[in-house]
Amino acid sequence: MVAVVGADGTRGVPLVGRASELQCVDEVLAGARSGSAGAVVVWGEAGIGKTRFLGELCGRAAAAQFEVLTGGGSELEREIAFGVVVEAVDERFAALDSQVVAELGRDRVTELAAVLPSLSRGGRRSARRLVVERFEFYRAVRVVFDQLALRKPIVLALDDVHWADPASVDLIVHLLRRPVPGMVLVLAYRPRRVPQLLLDAVMQAACESSVCELELAPLTLVEAAEALGKRPDSLVARTLHSESGGNPFYLKQLAHSSGKLLPIPRAGEGAGNEAGIPVTLRMTITSELAGLASETLKVLQSGAVAGDPFDVDMVTAIVDADEALVLEHLDELVAADLVRPTTTPGRFRFRHPIVRRVIYDETMPGWRFGAHKRAARALSRRGAPPGVRAHHIEQSAHAGDEEAVELLTEAGRVVAPHAPAAAAGWFEAALRLLPESAATERRLTLLVSQASALAHSGRLRDSRTVLKEALQLLAPDALEQRLRIIVMIARADHGLGQTEDARPLLVAALGKTVAGSAEAVTLEMALAENCLMRRQWAEGLEFASRARAHAGTLGDTGLLVAASTLLAWMASHRGEVAQARYLADMVAEQMDADLLMPPELLEPLANLIDTEFGIDRLRAACRNAEKGLRISRASGHEHAVARFLIGLAASKRLLGQLGEARRAAESAVEMAVLLDNDQLRVAAFGIQCFVETVCDRSAALNAGQSGVQALERTPDAHYAWLARGAYGQALIESGEFERGRRGILSTGGADLSGMPPIVRSFFEPALVKAELALGRIEAAESIAHRMQDFTFNLRSREGQLHYVQAQTYLARGDFPAATAAAQQAYERFNTVEMKVDAARAQLLAGRALARYEQNASAVHHLELAYRSLRDCGAGRLADEAARDLRVLGKPVRPWSEIGKSADPAALTQRERDIADRVVQGYTNREIAEELFISPKTVEKHLARVFTKLGTSSRVGVVKAMNPTTAR
């Protein structure tokens, strides 16, 4: 029979995780092939992947030439005797050859025919006409398996044994107690629903024979991300892993519902929202509630209202019953495995978050309203803070409830600094409850607070809509408030790439402010950003300079830092490196001294990172990007997260840490898509294209095309030059020289005037390559000549200049000059730790030497380039170096054959701890002693390490963790 290979009946779906469990399975199968008896017992909660795991086991057994028989219990057919057994063996037993039948004898064949439909045909007795002595039937089944296993090892896999009929359970127990040599019995079940008889038999068999007991744990975040085809740090993976609790079936169902499931309850959402939960999943859970007494169900529903986890006191207050009775009902719910006790006495949690969701949705609206009201009163008596009480208040308040409005407003204010999305929900709830007669000022305050929280959580379009509503409520003479809202609208427009809409608002507002005031400084900074996005460098620098001067006069430290970082960024864009360095030093010192950086400084920190790129401070940019990510993630500022991810990807790319650069770029893309922000899409796809160009040509082209498409929808995006330039570069590296050349030049013509002067040298080498490939050597030399005026005394830009000079010398046939220029480029790049660019310079030097017939020196340079590119993860360039080496008679393995899957960064912290000790030569027992874990736990983690590093040995771990010295 063909084994089912997926929980949904699909075939060929890769199994995620479970490496240590499969290792145990392989050992049992190996034992059966050598003639031993074995058993595998797989248990876990509904949806944890038992059926999928059995499918993988059966597939492995079939590949190893086992005969595989499968069956399973059914909840709706539990009354059918031997139902599980009939499904598994009936067809196979009907095909027994004459020799096996002869060995059985007439009586045993009759016993089998009494149960198995296929054998009851042809005049044999039917089970319906004969009362079977079960033990004789069990013996007959065992004899058949004995005979079959002599010819070929067998796997008998029985799924959902918790739904097996009693007769089938008896047979399973018989086979456990009297195992068949050469046969593996595989069982899968939910442990709390299995008869004690079977559990006892499993325990006894484990003591006496080869039984592999496997509890399937929830998927880790890394495993869930793999199942989703996402990176572990992606928002999609983190959200769905959290919502599903790591349960593979729930994870799959939620992913199929497009991630629209929202946790319940959340501010601003209607109670009892059923959207997002698959119907089959809802029906499965509600069927478990059918057998509960009404009082027990009420306790369960009260727990769903109270929260997850919930405590006895809160449930007692909600259900309004005697605590002793509540405890009795909780015992029933624990026995039914709907809730489980936690390690804290008196506290319980639901079996799974979705279980709570369904139970909550099933409550009646009137009862639910009263339950939340009772919960709010109980929390008030406890002295709970507003943020804790707000949810219950929102679910039980009515329009015009002043007390509720005040509490929700306070809750929003409290959580806004660290959870702006939640704050936006509380403010929205307060606005809904606000009486129609409320003062305009009060409504305005709530609207502005909501818009600010929405902006900080990345929902810029929603923020802009709310701000427009607030602007319409303002009186004509409310100048200060109007200016504040206009600036907020302009920043939302900038974040969305809509600069033309923002400029008239800003200019008009600036004309109404007092020169040198804080309001004027804020408007001047906003106008500087507007100019920057519209590539009006000189005007933008003027606005930024004026804003910083006025901020210094006011003595406002926060305003001065913000204005200084903006001016530094714009100065670096223009190539005014000395001013940019001075301002960056001053601001960096201020920010480093501020250990608890407030969220208001996230934007200045991002501006500082962009400045540091422009002045060759790559390590500082990387550190600050990581710092910004920590702060923005902790405070819930999703829009800032995207910008810091882009900064991290860029810094890691330039430093040659390409694995981390690729992950950061992919996360930035996912964030931009989730936020539905084309301005961010342009930047995120642009940086992904820039990173992938040295790694994977196809991925680079796909990212570049997506970035340019987003740019068509928002042509004023600040990083338009990056999207066009990176895509053009990728096209040129793919051999589309003319098309790539036109793409780069579309940013501002032959002189690239649409690009900030400080970044042009990163794309000019690709232009030179295109011109040379098209036979236009004079055009290439013209670009090299122009670059001499734009090095800004920066080592990275000098390196780019020497690199293009080497390209043109090589094209002219001046091989010594080409070699010297390439070596100069290498030295400049190496000074600022630009490893990939330094290696490319070595590669170019090697090619020049080869053309000069200095083969020994050429091989030396090419080998250095190959090793560096390989260790950085620049697969495409490493393959180029390998090809050049093979031409010179030096055989080198292509990148595709050296284990691209070996990615130490994919390891969890615990897995890395273990892998590091393997590198140091520790045994499993020594690792266990040092980390205070069991050797078996070490084995499980090590199996996952092997999988993630693409190896099957400890030697492979050493090579993957330390590729430079191992290869």
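Modeller: Helix α20 (residues 402–415) and helix α21 (residues 420–433) have axes that come within 8 Å and cross at roughly 165 degrees. Axes here are lines fitted to C-alpha atoms, for helices over the stretch in contact, and angles run from 0 to 180 degrees between N-to-C directions. Helices (H or I, at least four residues) and strands (E, at least two) are DSSP runs, numbered from the N terminus.

Colleague: Before we go on, where do these coordinates come from, and how are residues numbered?

Modeller: This is a predicted model, so local features need pLDDT of at least 70 and side-chain atom pairs count only at pLDDT 80 or more, while totals for chains, interfaces and linings use all residues. Residues are numbered from 1 along each chain as its sequence is written, and side-chain values use heavy atoms, with hydrogens and water left out.

Colleague: Back to α20 and α21: are they roughly parallel or roughly antiparallel?

Modeller: Roughly antiparallel to each other. The cut-offs are under 35 degrees for roughly parallel, over 145 for roughly antiparallel, 65 to 115 for roughly perpendicular, and oblique for the rest.

Colleague: And is the crossing left-handed or right-handed?

Modeller: α20 passes α21 in a left-handed crossing. Left-handed means the near helix is turned anticlockwise from the far one by less than a right angle, and right-handed means clockwise.

Colleague: Which residues make the contact between α20 and α21?

Modeller: From α20, they include V405, L408 and V415. From α21, W426, F427 and L433 are among them. Contact means heavy atoms within 4.5 Å.

Colleague: What about α10 and α11, at what angle do they pack?

Modeller: Helix α10 (residues 221–228) and helix α11 (residues 235–244) pack at about 115 degrees, with axes 9 Å apart. That makes α10 roughly perpendicular to α11. The crossing of these two is right-handed. L221, A224, A225 and L228 of α10 meet A237, R238, L240 and H241 of α11.

Colleague: Zooming out, how many helices and strands are in the protein?

Modeller: There are 49 helices and eight strands. Of the 967 residues, 55% count as buried, meaning under 20% relative accessible area, with exposed over 50% and partly exposed in between (1.4 Å probe, protein chains only). Among contacts with a separation of 6 or more, 66% are between residues 24 or more positions apart.

Colleague: How many residues are in the largest nonpolar core?

Modeller: It has 130 residues, and those with the most contacts inside it are M525, F644, I687 and I744. Helix α32 (residues 638–655) supplies the largest share of this core, 11 residues. A nonpolar core is a set of buried Ala, Val, Leu, Ile, Met, Phe, Trp, Tyr and Cys residues joined through side-chain atoms within 4.5 Å. Another core lies apart from that one, with 50 residues, including A149, A167, L176 and L187.

Colleague: What does F644 touch?

Modeller: Leaving out residues up to four places away in sequence, F644 touches several, among them L602, L605, I609 and L629.

Colleague: Now charges. How many salt bridges does a search of the whole structure find?

Modeller: It finds 54. A salt bridge is a side-chain nitrogen of Lys or Arg within 4 Å of a carboxyl oxygen of Asp or Glu. One of them joins D678 and R681 (2.8 Å, N to O). That pair sits in helix α34 (residues 678–692), three residues apart, about one turn of the helix, and both residues are buried.

Colleague: Which parts does the R776 and E738 pair tie together?

Modeller: R776 is in the loop between α38 (764–773) and α39 (777–787) and E738 is in helix α37 (residues 737–745), so the pair ties together parts 38 residues apart in sequence. Their salt bridge is 3.2 Å, N to O. R776 is partly exposed at 32% relative accessible area, and E738 is partly exposed too, at 27%.

Colleague: Which residues are linked in a network of salt bridges?

Modeller: E733, K769, R840, R847, R876, E880 and D884.
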